[in-house]
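Please open the structure in a viewer and keep a selection tool at hand. The stops below proceed from one selection to the next.

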Amino acid sequence: MGFPIRAMLFTTLLLSIGSTTLAAPKAELWSRWQANDPHSTLSIDHSLWGEFLERYLVTAKPGATNLVRYTAVSAADKSSLADYLAVLSATPMTKLNRAEQKAAWINLYNALTVHTILEHYPLQSIREISSGWFSRGPWDQKLIRVEGVELSLNDIEHRILRPIWQDNRVHYAVNCASLGCPNLQPEPFSTENSDRLLTAAAREFINSPRGAMFNNGKLQLSSIYDWFQVDFGNSSAGVIAHLKQYASPDLKEKLHNYSGSINYDYNWNLNIKQAD
């Protein structure tokens, strides 16, 4: 086989692998994490995460992105964040009730993402962190042990949260440290506030330019609705019906009357608050 042919095959392989790594993961249940105790009164103290958010999350005006002051995080607070993750690592998740589990998994995903950014900072995008060859992003790295089982961010989102709860609002709760992502919420999720926060996060994102906007009469949506269309009615019509549930009256009317094609966009730049 001549060199040009080998080079062409190698290039084809790279393109094939690249396209695979960019494909959105499917929701595939990890049945080990279905176990729960509906009668459990155990609860997790998320105060360390709440204190971190209070110190370092800068909440934005409506329509803009909440930002994290990564450069300002002290060594002590980085250590406290690691302590919080250690608490979750030691938590018997399968002994909790469903509501407590849902809040814990969301908080774990978000705190673990922030911790991962801090471990690799400085960087301009989370995609600069690699999970291995041909991989852009840390999502497949095994980053923590829970009940002695190694877990990645993709495990938490796509093998636990999405398939167990089947609540498409989860997409507005887990934060990927990017400007195009739904906001990192300013308070930890809990049994008491999860439903309120999920609904508020959905409404906040959908009514921002990152979620849905009309550009010269053309509908532009976040790529989230393309990557995970299966969770939003599995069609463009299903996505629009979902958006209308949370849209402002003006946006809802525009969506109702729209029949054209849809453009998708996503900003992977880091959600960092630069020093003043």
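A residue is termed buried when its relative accessible area is under 20%, exposed when it is over 50%, and partly exposed in between. The model on display is predicted.

**Stop 1**

Select Asp167 and Lys102. Both Asp167 and Lys102 are buried. They form a salt bridge in which the closest N and O atoms lie 2.8 Å apart.

**Stop 1**

The relative accessibility of Arg169 is 11%, so Arg169 counts as buried. In the model as a whole, the count of salt bridges comes to twelve.

**Stop 3**

Move to Asp155 and Lys142, whose salt bridge has its closest N and O atoms 2.6 Å apart. Asp155 is in helix α5, and Lys142 is in the loop between α4 and β3 (144-146); the two are 13 residues apart, and the pair is again one that links distant parts of the chain. Are the two partners buried or partly exposed? Asp155 has a relative accessibility of 5% and so counts as buried, whereas Lys142, at 44%, counts as partly exposed.

**Stop 2: two packed helices**

Two packed helices are described by the angle between their axes and the distance between the axes. Select helix α8 (residues 236-246) together with helix α9 (residues 249-256); they pack at an angle of about 160°, and their axes are 8 Å apart. An angle over 145 degrees counts as roughly antiparallel, and α8 and α9 are therefore roughly antiparallel to each other. The crossing of α8 past α9 is left-handed. To view the contact, show the side chains of Ile240, Leu243 and Lys244 on α8, and those of Lys252, Leu255 and His256 on α9. By class, the residues of this contact comprise three nonpolar, one polar and two charged.

**Stop 3: backbone exceptions**

Most residues other than glycine have a negative phi, and most peptide bonds are trans. The final selections depart from that pattern.

- Select Tyr121 and Pro122. The peptide bond from Tyr121 to Pro122 is cis, with omega near 10°. Pro122 lies in the loop between α4 and β3.
- Select Glu147, in the loop between β3 and β4 (149-151). Glu147 is not a glycine, yet its phi is positive, at about 50°. Its relative accessible area is 25%, so Glu147 is partly exposed.
- Select Asn216, in the loop between β5 (212-215) and β6 (218-222). Asn216 likewise has a positive phi, near 55°, in a residue other than glycine. With 80% relative accessibility, Asn216 counts as exposed.

Conventions: Residues are numbered from 1 along each chain as its sequence is written. This is a predicted model: local features need pLDDT of at least 70, side-chain atom pairs count only at pLDDT 80 or more; totals for chains, interfaces and linings use all residues. Side-chain values use heavy atoms; hydrogens and water are left out. Axes are lines fitted to C-alpha atoms, for helices over the stretch in contact, and angles run from 0 to 180 degrees between N-to-C directions. Helices (H or I, at least four residues) and strands (E, at least two) are DSSP runs, numbered from the N terminus. Angles under 35 degrees count as roughly parallel, over 145 as roughly antiparallel, 65 to 115 as roughly perpendicular and the rest as oblique. A crossing is left-handed if the near helix is turned anticlockwise from the far one by less than a right angle, and right-handed if clockwise. Contact means heavy atoms within 4.5 Å. Ala, Val, Leu, Ile, Met, Phe, Trp, Tyr, Cys and Pro count as nonpolar, Asp, Glu, Lys and Arg as charged, and the others, Gly among them, as polar. A salt bridge is a side-chain nitrogen of Lys or Arg within 4 Å of a carboxyl oxygen of Asp or Glu. Buried means under 20% relative accessible area, exposed over 50%, partly exposed in between (1.4 Å probe, protein chains only).
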